[in-house]
Amino acid sequence: MSYLELSGLQKRYRDAVAVDDVSLSVEKGEAVALLGPSGCGKTTTLRMLAGLVDPDRGAIRLDGAEVTRLPAHKRNMGYVFQSYALFPHLSVARNVGFGLEERRVAKAEIARRVVEALAMVRLSGLDQRRPRELSGGQQQRVALARSLVIRPSVLLLDESLSNLDAKLRDTMRHEIRSIQRSLGITTLFVTHDQVEALTMCDRIAVMHRGRIAQIGSPEDIYERPATRFVAEFVGRANALPATRDAEGRVVLWGERLPVAAPAGGEFDLFVRPQRIRILPISEPVADGMARVTGKVLRSVFVGDHVEVLVEGAAGQIQVELQSGTALPQEGAEVALVWRARDTLPFPRETA
Amino acid sequence: MSDARLKWLLLPAGLFVLAVYAWPTLGLFRNAFNETGPTGAMVETWSLKTTAEVLADSFTFELTLNSLWLSLSATLLALALSYPVALFLFRTNSRFRGLLAVVAIMPMLISGVVRVFGWLAILGDRGLVNSLAQSFGLITAPMKLVFNWTGVTIGLAESIMPYMILALLAGFGQLDRTLEEASRSLGATPMRTFLRVTLPLSLPALALAAGLGFVLSMSAYITPKLLGGGRVFVLATEIFEQATTNTNWPVASVLAIYTLVLLLLLLAASNLAARGLKR
């Protein structure tokens, strides 16, 4: 059995299901992201883990013991809130020492561990400040130190980076990840930011409408999305309406592709823009490659890459090229080529 | 609109206050310097004789203590009852929240006289409390709950509660549910969370509400008069007695100004305390 086990968790509110059916196993020392759009139930799941919300159904087991009904203060979970939730009336040191005081740790020991924790998040010397005298990034570090100093069984981070500006977010991402790794602390991140999920975690659970749509390594999720929702939510993708021919092969823009069509009704092909190459129309292509032709509508230079929009027989395809390569001429007839295995067919949603 | 033109917006209210408040108050100050002649008629003069007499009178001292004591006990009682109500209203997600808030401040909408008669029906010798206690055999003779300090304290506490609840709600700025969740996630029991987080963060609101309740209690007249049954003497009732029954305007004026100064000092102290608590 895994270190942390969620099985069949469900939480309904008056007029909505927040979490429908969530089961998840997390190994000791592992970092798992709960990734999804707002309202997918990821924060409710985290709050159930912390004991801040009672599940209607299901069970939570930690290290073999059932904790589903254990009150929050007995769970020993470190929770970092989105708003940081620092106590405004207490100094930084008292904030960080709060959990230790509640555990009746000796004063000298508290002082020592608070200094240690503040050093770990690189805030030494600020221990007598009040939270509101700190910047957003510093407050975030205090919140992290306060949750880590109690040596929690699991560290829970709720959209913890979303209130920081982009540059700081980048720094904190790496810092939190390296702290998490060096302490070997089991961690659950809730985030709607895929970069955060992809870079900070060993595994990602993509959540959709109160359920886990897919769980796997960042690579799995990105390269082999299990559902149309995951393909759309993680990374960018062209969704191209396609048809099947008599032999069951995919037909796109009148061209047959070396891709097997899925059984059933109408479907779309998902192709990531950066997996597509632009070639002269005369150039032959190898086996196992998908090829369609079209006209370059426009090229936009975005700095680290170039976005090219190509119009074909039945729609448009977005292509992402590395900058520094020669820009295709607007209006030029070109061939778009990608590997057949980068083509992901998903049934069309009948929403 | 420029600031210069903006201030004209204050003109109507300014004129109104001038007419109904500033002018009578000036009259109050003027009367305080008059004396009462041997016949009881007011003698127009400019002297501090009345002030000196009132301040030297031991009854004034007794009234002051009575007023302070009554206000303190009513305020503390009201605070103890209002704080949980305000906390509930501040936090509840109930769809009836608006309605509950209106219910909480409902007493403000009812005349003080009507409320007093309500209390007489509840606390009187044959009132609800006494008849219930007697029918359960808890007591044999009715408890004296009205026409004494007990009745006045209860009635006064009830009448200031709506104001205190509103003041508490206005002062709860720093109180954030997430902070209590943080406390619990760090291992604090609900009780410890209340003592270490909720209560300290409520202190500014509590100071604000207590200051308001105290001032309102000090100036309350109807409740001490009617529920006191002539046995409860405070500054407000004495001012009324002097002004109407005795028609001794100079003494009434001096007492009124004395009360006003007392209140201003208390307000200033309460403001300082609230600011200190907010830091």
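**Exercise 1.** In what order do the 5 strands of the open sheet in chain A run, and which strands sit at the edges?

*Solution.* Start with the order: β13-β12-β11-β14-β20 in chain A, paired antiparallel. Keep in mind that this is a predicted model. Now go to the ends. β13 (255–260) and β20 (344–347) of chain A each pair on one side only, so by that criterion they're the edge strands.

**Exercise 2.** Zoom in on β20(A): how many bridges join it to β14 of chain A?

*Solution.* Strand β14 (residues 267–271) pairs with β20(A) in the antiparallel sense, over 4 bridges. To pick out a residue pair, look at A:L269: its bridge partner in β20(A) is A:P345.

**Exercise 3.** Describe the contact between chain B and chain A, going from residue counts to area.

*Solution.* Count residues to begin with: 21 come from chain B and 26 from chain A. Next, the area buried between the chains is about 2,100 Å², with carbon and sulfur atoms giving 56% of that. On chain B's side, B:S185, B:L186 and B:R196 supply 35% of the area it buries against chain A, more than any other three residues.

**Exercise 4.** Which side chain meets B:R196 in a salt bridge?

*Solution.* Across this interface the rule finds 4 salt bridges. In one, B:R196 meets A:E102 at 2.9 Å, N to O. That falls inside the 4 Å cut-off, so the pair counts. Then check the helices: α9 (177–185) and α10 (190–219) of chain B each supply at least two residues of the side touching chain A. α9(B) gives the most, with 7 residues. Finally, sort that side of chain B by type: 8 nonpolar, 7 polar and 6 charged.

Technical notes:
Residues numbered from 1 in each chain as written. Chains lettered and ligands numbered in written order. Predicted model: local features only at pLDDT ≥ 70, side-chain atom pairs only at ≥ 80, totals over all residues. Heavy atoms only, no water. Contact = heavy atoms within 4.5 Å. Buried area = accessible area lost by both parts, 1.4 Å probe. Nonpolar A, V, L, I, M, F, W, Y, C, P; charged D, E, K, R; others polar. Pairing = 2+ DSSP bridges.
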